[in-house]
Amino acid sequence: MERPQNSVVRTPIESIVAQRRSKNKSYRQSYRSCLGAASRLGHAPGWTARRLNTSRRTKSHNITEKVNPEDLALLVKTEWQLSYVTPLYQFRHTQLRSYSRQLSAFITAEKQQGLAVEVEGAQTSFRVSFSVVQGLGETDDDAETVLVQIHSKPVFAGKDEAQKLVWSGWLTCINGNPEYLHSLPKDFTCLPLFGSRGAENLTSLVKSWFQQTFDCCFGPLEINQTFLQWLTALWTNCHIESSIQHLKMIWTLPVEPPLQITYTVNPQDAWELWNSVRTPSLESREEEETARSIDIEEVTRFMQGLMSHFYRHFRLDLSAGRLSQVSSALGSAKFSGRVKMSNSRYVLTTLSLLTECALLKMPI
Amino acid sequence: MDNTVKRLLERLVRRIPSRMLKTTLDKWSRLTATQRQSIDYTESKWALTEKLLAICEENELTVKHIAELEMIHVIENPNLGMWHAFQLMDPQGDAHSVELTQFKEQFKSHLSELIRHVSIKIKKHTDEAVWIRIAWGDTFSRPNHLKPTYVVHYLQTPYVFLSSLTSKQKPLLSQALVLSTRYQAIKDANLSGRKLTAIRDLLMKQYLQVFPTKFPSPLAERNRVVSNLHIEKEQAGSAANRHQMACEAFGDGLLPQLQSAVYKLETKFRDHTNKTMTERDEPFRCVVKFASTNLLESLRHSASSGTQKVLKTVIRITIIVFCKEVSYVTITWYVTKSCRILTASLQVSTRGHQSPGRNSHIVMLLH
C-alpha cells in the first residue's frame, strides 16, 4: 500500500508515519493528518488557512466539450443547499437503477408511515432517478458525479398530467486531495460535497436513506470566511473574461440590534484593485493571465484593500464582523451553505473550492 | 345610499382596529349620543359596518363626512403608509409670515384652478402641523375618495411630507404648494419611510443630540452588571471613553428609527500600501448600504463597543446632511482639508424603502 508522495509540505515526521503503516491493517487516514504532521504529534489541529491550499490554479474551462450540456444546465442557475458527506461504503456506480428503485420505495414508505411497499411495484407516486454526470471530475481520482432527481405528481393533478421535478440533488468530488483519496480503504467512495434543492422533508428522507444504505454521515456545510474571500477573489479574477457586473459583499456586525452592511463595488474598479495586489508573475509570458495560480496572500491583500477603503469613509472596521454573503454575476455564496453558480465556465473552479471546504469540514 | 360612501366606510371600518374604533368615532362627533351608545363594539367588523351604514343613512352623511373620519384616523396613526419628505426652496419675502387661514385659502384656490374636480380637506393639528387630504378627480370624473393623498406641512418651515401621490398628480400638487406657501420651488428631500414621526424628527431635528463641550461621565448606576471582574477592571477606562464618545455623537436618549441608509461613493482610493491604486485618477465607485432594525442604535452600540471609531464630526455631518443645513462654503472647506473626494450621494430611508428619484449630490467629508 504505497502512498504516492506529493509536494505538500513535508517534515521528517511524515516519513516515520509511513514506516509505521503495516501491510495488513488498512488505516483510515484522517484528512488533517494527511496535510500536516502536527496532528500526529497530538497538537490540536486548527482550521487555519495553512491547512487549505495556499494557492490555486484558476482556469476557465470550456467544459461543454466534456460534459453533456443538458446535465450542466441542471447544475447552473439554481441555488443549492450544501452539506458535507463522509465517504460512502460500497457505493457502486453500476447499481444506480437499483438505488433508484430502493430510494423511491423508501420515500413512499416513509410518506405512508411504515406500510410495506413492494420494491418492484410500478405505481409508486415518487419516481427517483439516479444518473451520472460524466466528465465533471478533474483528476482520475475523482469519483464520477452522481445526480439524483425525484419526480412526483403535484397533489391535485389530473390523471394524465406528467410528473414534475420536485427535488434534485447531487454528490460530487472535484479535485479532491489525492493523498486523502488514496488513503481510503478500497470499498469507500468519496463524494464529499452534497447539494440539494427542493422540499426540506424530501432532503432529509434522501439523507437518511443514504445514511442507512451506505453508512455515511451528513452535516451542514458552512462556508467559512476564508472560502468566501477566495470566491470573492476568484470571481473578480474572471472579470476580463466574463464580466461580473458587480461585486456584492454582505457583512454582519455583532452589535445590538445586528447591523447588516451591503458593500457593492463597481466591477472595473474591483478588477483594478485585484490586479494591483497581484504579485508579479515569475512564469513565462506565454502563460495566460487567468491561468496563473493565486496565492492566499493576494486574496488577503485584496480584502484588506476593500476593507480599508470602507474604513476610511465610515470608520467602521469590517473585520470585526463577519462576511456572510458574496455575489456577482457569476454566482453567489452564503455563509449558511447556499451556493448558486450562474456561469457554466466556472463551475469546476467553484466546485473544487467547495469540495475542499467539504473535505475539511468532515469530522474524520 | 351612494356606493362610494358604502365602500369607503367598509374599508375604513376594516382598517381601524376594533379597540380604536370607539375613540375615533367619538372624535368624529357626527353621531348623536344615543347612536353612539347603540353600537356594540364587541361585534364582528361586518356587523359593525352594517350598523354604521344604517346610522350614516339615518343622519344623511355624505362622502365628505366619511372622509373626515378617515382623516381623523390617519392623523392619529401617522406611522402607516409610505411618506416622502420634500423641501421648499427659495422663500420669497413673506414666506415666513404665511399663516393658517391665508395658506388654506390660497391652497384651495390654486389647486381648484389647476384641476377641475378635486376635494380638499384641511385640518390643523395641535402640534403646528397642517394636514391636507386630497381626493383627485379630472375633467370627466368625480373625485376618487378611495385613493386620497395626504399632505403634512409645518407652517413657517420649508418641510412637506406626502403620501400616496402618483407622478401625474405630483406637478399639480407641487405647483399649488409652492404658490400657497410663497416659496419658489420644491424638491425631493430624499428621505422616505413608513414612520412619519421618525423622518419628521430627523428632518426637523427634534431628537436629543448633545454636542456638549463637557460631557459628564456616565453615572455609576447606569453601568451594566459586571460579569467578569478582572476583564471589566482592565477595560473600564477605555469602555467609559468609548461610551462617552458614542453619547456625544448620538445623544443619550431615543434615536429616530432609521432602517436603512444607502451611500453612493465615488471617491479616490488611497492606501499607502498600494501605490498603483493610489495613483489612479479615476474614482473608486462603490455603493454601501447599512441596514438594521434601528440603524442609529446599531451605530451607537458599535461605537461604544469599539468596532467603530466614532469621529463626532463624521456622524454630525451625516445627521446634518439630512437636515440640509450645511452651506456650500463649509463643505468646500472640508474638501480641501481632507483627501481628495469627488462626490458622494446619500439616500436615507426608514423601514427599508429606498426613495427613487434623483439623489442630491452631497459632498461627504473624510478624515
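A residue counts as buried when its relative accessible area is under 20%, and in this predicted model that cut-off lets us place Ile174(A), which has 0% relative accessibility and therefore counts as buried. Along chain A, Ile174(A) lies in the loop that runs between β6 (164-172) and α5 (178-183). Leaving aside residues up to four places away in sequence, its contacts are with Leu136(A), Gly137(A), Glu138(A), Asp142(A), Leu348(A), Leu351(A), Ser352(A) and Thr355(A). Pro192(A) is 18 residues from Ile174(A) along the chain, and the C-alpha atoms of these two residues are separated by 9.2 Å.

We can now turn to pairs of helices. Two packed helices are described by the angle between their axes and by the distance between those axes. In chain A, helix α7 (residues 225-237) and helix α9 (residues 296-314) have axes that come within 10 Å and cross at roughly 90 degrees, so α7(A) and α9(A) are roughly perpendicular to each other. On the α7(A) side the contact involves Thr226(A), Gln229(A), Trp230(A), Thr232(A), Ala233(A) and Thr236(A), which meet Ile296(A), Val299(A), Phe302(A) and Met303(A) of α9(A). Sorted by class, this contact holds six nonpolar, four polar and no charged residues.

In chain B, helix α1 (residues 3-15) packs with helix α4 (residues 45-59) at an angle of about 140 degrees, their axes being 10 Å apart, and α1(B) is therefore oblique to α4(B). The crossing of α1(B) past α4(B) is right-handed. Lys6(B), Leu9(B), Glu10(B), Val13(B) and Arg14(B) of α1(B) meet residues of α4(B) that include Leu48(B), Leu52(B) and Cys56(B), and by class the contact has six nonpolar, one polar and four charged residues.

Conventions: Residues numbered from 1 in each chain as written. Chains lettered and ligands numbered in written order. Predicted model: local features only at pLDDT ≥ 70, side-chain atom pairs only at ≥ 80, totals over all residues. Heavy atoms only, no water. Helix = DSSP H or I, 4+ residues; strand = E, 2+ residues; numbered from the N terminus. Buried < 20%, exposed > 50% of the residue type's maximum accessible area, 1.4 Å probe, protein only. Contact = heavy atoms within 4.5 Å. Axes fitted to C-alpha atoms, helices over the stretch in contact; angles between N-to-C directions. Parallel < 35°, antiparallel > 145°, perpendicular 65-115°, else oblique. Left-handed = near helix turned anticlockwise from the far one by under 90°. Nonpolar A, V, L, I, M, F, W, Y, C, P; charged D, E, K, R; others polar.
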